[in-house]
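My notes follow the structure.

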Amino acid sequence: MTSNFDLIIFDCDGVLVDSEVISCRAHAATLTRHGYPITADQVLDRFLGVSDSEARRTIETELGRNLPEDFEIEVKQATLQRYADDLKPVLHVGEAIAAISLPKCVASSGTPEKIRHGLTCAGLYDLFSPHVFSATQVERGKPAPDLFLFAAAQMAVSPARCLVIEDSMPGIAGARAAGMTVLGFHGGSHCRPGYADRLHAAGAAKTFDDMRQLPGLIESVAAN
């Protein structure tokens with residue numbers, strides 16, 4: 001079978017590692033401590049898939065003042081501490097990756113340290129290294145297309161030949177803006193009833209909630 005794709009681009013949080021709930025708890029606790037009361041669920045609803053810098057700009061606008069210079073460091077430290085205790089890979093993701101013969105990379109809104117730490121804790125880093133890309137490497141994070149275009153350029157693949165695996169609306173928007181096809185994953189612990197419909201409405205070609213479905217989905221989408 002001839003594939004329409006030359007590269008599979010994976011988001012990290014919520015797709016490879018089941019980390020979104022952990023990250024949101026750390027982010028909410030740190031924001032609340034700095035005078036911006038917010039729950040983990042509210043962080044999830046408002047900032048899932050958004051880069052740290054984009055989220056910070058929104059919050060500072062609402063606060064009418066700047067957060068401390070080391071705010072991102074505080075969030076990162078709180079997140080990494082929770083990762084060590086609670087982080088797990090998304091169920092069956094290792095076997096799904098092993099069954100996909102196409103080249104693969106990671107394109108995540110997280111910092112390089114956070115991405116590496118998360119993938120390492122989950123035992124997945126060596127499956128992608130060195131092809132791991134962060135929003136800190138581009139001017140604009142998701143939902144802008146910059147990160148996906150950067151990843152495609154680094155992998156020497158045309159954007160139209162890329163298939164993205166995403167779990168967030170900003171991620172899907174960014175991938176679609178880059179001219180890429182997207183599959184929406186809603187099997188993470190942060191995904192609520194109706195989440196698949198939201199992913200589809202955002203532009204996902206297909207949605208799925210079990211990583212064992214992924215290799216077959218890639219084949220079916222590639223054949224169209």
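I looked up burial: of the 224 residues of the protein, 51% count as buried, where buried means under 20% relative accessible area with a 1.4 Å probe and protein chains only. The model is predicted, with local features needing pLDDT of at least 70, side-chain atom pairs counting only at pLDDT 80 or more, and totals for chains, interfaces and linings using all residues. Residues are numbered from 1 along each chain as its sequence is written, and side-chain values use heavy atoms, with hydrogens and water left out.

I noted eleven helices and six strands, taken as DSSP runs (helices H or I, at least four residues; strands E, at least two) numbered from the N terminus. The C-alpha trace spans about 55 × 35 × 30 Å along its principal axes.

Next I looked at Thr-30, which sits in helix α1 (residues 20-33). Thr-30 is buried, with a relative accessible area of 1%. Leaving out residues up to four places away in sequence, Thr-30 touches Phe-71, Glu-74, Val-75 and Ala-78; contact means heavy atoms within 4.5 Å.

I then checked helix α4 (residues 71-86) against helix α6 (residues 112-121): the angle is about 5° and the axes are 10 Å apart, with axes being lines fitted to C-alpha atoms over the stretch in contact and angles running from 0 to 180 degrees between N-to-C directions. That makes α4 roughly parallel to α6, a term for angles under 35 degrees. Lys-76, Thr-79, Leu-80 and Tyr-83 of α4 meet Glu-113, Lys-114, His-117 and Gly-118 of α6.

Methods:
Buried means under 20% relative accessible area, exposed over 50%, partly exposed in between (1.4 Å probe, protein chains only). Angles under 35 degrees count as roughly parallel, over 145 as roughly antiparallel, 65 to 115 as roughly perpendicular and the rest as oblique.
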